[in-house]
Every structure is written in structure tokens, then in C-alpha cells.
Amino acid sequence: LHDALPISNSHYQQGSDDEVLLQVKPEQHIEKGEELTIDYGSTKSAAEMLFSYGFIDDLSSVHSLVLHISPSPDDPLGKAKAKIHGKPPTLHISATDDSLELTCPFIYLMCVNEDDGLNFKVLMENDGTFGQMRAFWKSTDITDSISGFKDIVTADPLADVFLLRAKVLLRYIVDEQLERLSESEHTANELYPNLETLSVGDKGIPTAASKLRVIEAELLSKSLELLESEVCLLGFISKYHLKFILTCI
């Protein structure tokens, strides 16, 4: 059995032959007939929970969703941005009862271009071959600090403008995913089999799949609402900021 509480008495351990073993935790005493329970963690998304264990924990106070994103096909620096980022670009949405957090480091690369100061160069080796690609922000090599590009952007004089672009891009990504989820609802309903034809053990699968769609749709809707409010606020700030800059010129 699986236990959502931090009182699990067992855990999975990889054996010497790469087999996965269920072992009792040290200093745990198991009585005859007592259930073995594991802690499946509090950070798994509903999709991970369903894939790994075949059910979604009703007691979990954290819901999360990971979206894989791609550079815009119209971005001439898109491939270079993806390469310098070094890992698959994702948007991670995490929500509890009283908080909502969107994490997407790659979005800060997506929201700037060559006119803003982002550039890429491929160094030439002594033997004439091409070496490592380097990233530059306003002539400064930032390759080794690319994981913290958000900090570089937010320290720029035009940070409000760049943040506004980032939020608009995130809003588009979330809205597009929510639309895809909505459009696929009819197809998903058609695929759900008649519950009466399923065995007792399989009857929970369509229900869990439907629950997953509800959880993800709710996450996306809340994220869209948050992003729309942030876009409005940043739009006002950016407009005031640019007006101030132009006044000072």
C-alpha cells in the first residue's frame, strides 16, 4: 500500500543486480499481518502519480504540471537559445491551497533578441575547427552564467519591458495548452469504455484519467488568470517606465 503520511515503514531500493526491492526501513518493526506502506512523495504531479501508481492521491495538497515548450519557429536565434540552455525547455506549474508558482527559466531567453543585446558566437579553435558556442549579452560573455539569465534580464534598465514580454509569452503558452485540452475533451470521452464492461480493478482508470484532466485544466485556468493580471500590471509599469526614459533623453 501507499501512505501519503510521513510514517511509511518501507521503501524501494535498487539491488545489486539492478532489480528493485521493497525493503523495510531501518529500525522499523513490522508485526505479522501489518501492512507495508511507502511514501510516494509530495512533489509528484498528478500525471506522475497516475503513471507510477495507477491512482491520484486525494490527500495531496500540491498539484503540479510540466509543459515542454519550444522556441518560436520564427525566432532566428531559436536553435542557438535551445542549445545554450542545455536542457529541454519546460514550464513547471505548481499549486497548493494558497499559492501558485510558474517556473520557466527558458522564457527569459525567448523574450529577448539580437536588437535587445543577445548574441551568439562560435569560437574558432587553433586548428581551424569550430569550437564551443558562446552567448553574449550586450558584448559581455554570459555563457557560464546562462542558468541565471533571469537575473541578468531583471537587472537590465529595460527589465520591465522584458518581463512583460516573458509574461505575454507564458500567457500564450498556457492559453494554447488549455485550448488543446478543451478541444480534446470530446475525443477523450469517446475513448472512455463502458464502466460495466471493465473488471473491478480497471474501473478506476477512466475515473482517474478524467480526474487528471480536471486537475490540469484547473491549474492552467488559474495560471492564465494570474498571468493576465501580471501582464496588465507590467504593461502599466512598462508604459510609465518608457515614458520616463524618453523624457530624460
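Student: Does R134 count as buried or exposed, and at what relative accessibility?
Tutor: R134 counts as buried because its relative accessibility is 12%; buried means under 20% relative accessible area, exposed over 50%, and partly exposed in between, with a 1.4 Å probe and protein chains only. This is a predicted model, where local features need pLDDT of at least 70, side-chain atom pairs count only at pLDDT 80 or more, and totals for chains, interfaces and linings use all residues. Residues are numbered from 1 along each chain as its sequence is written, and side-chain values use heavy atoms, leaving out hydrogens and water.

Student: Which side chain meets R134 in a salt bridge?
Tutor: The side chain of D144 does, at 3.7 Å from N to O. A salt bridge is a side-chain nitrogen of Lys or Arg within 4 Å of a carboxyl oxygen of Asp or Glu.

Student: Is D144 buried or exposed?
Tutor: D144 counts as exposed, at 70% relative accessibility.

Student: Which residues are linked in a network with R134?
Tutor: D141 and D144 are linked with R134 in a network of salt bridges.

Student: New topic: what does K138 pair with?
Tutor: K138 forms a salt bridge with D156, at 2.7 Å from N to O. K138 counts as partly exposed, at 42% relative accessibility, whereas D156 counts as buried, at 8%.

Student: And what about K167?
Tutor: The side chain of K167 meets that of E230 in a salt bridge of 3.2 Å, N to O. K167 is buried at 19%, and E230 is partly exposed at 24%.

Student: How many salt bridges are found in the whole structure?
Tutor: The search finds eight.
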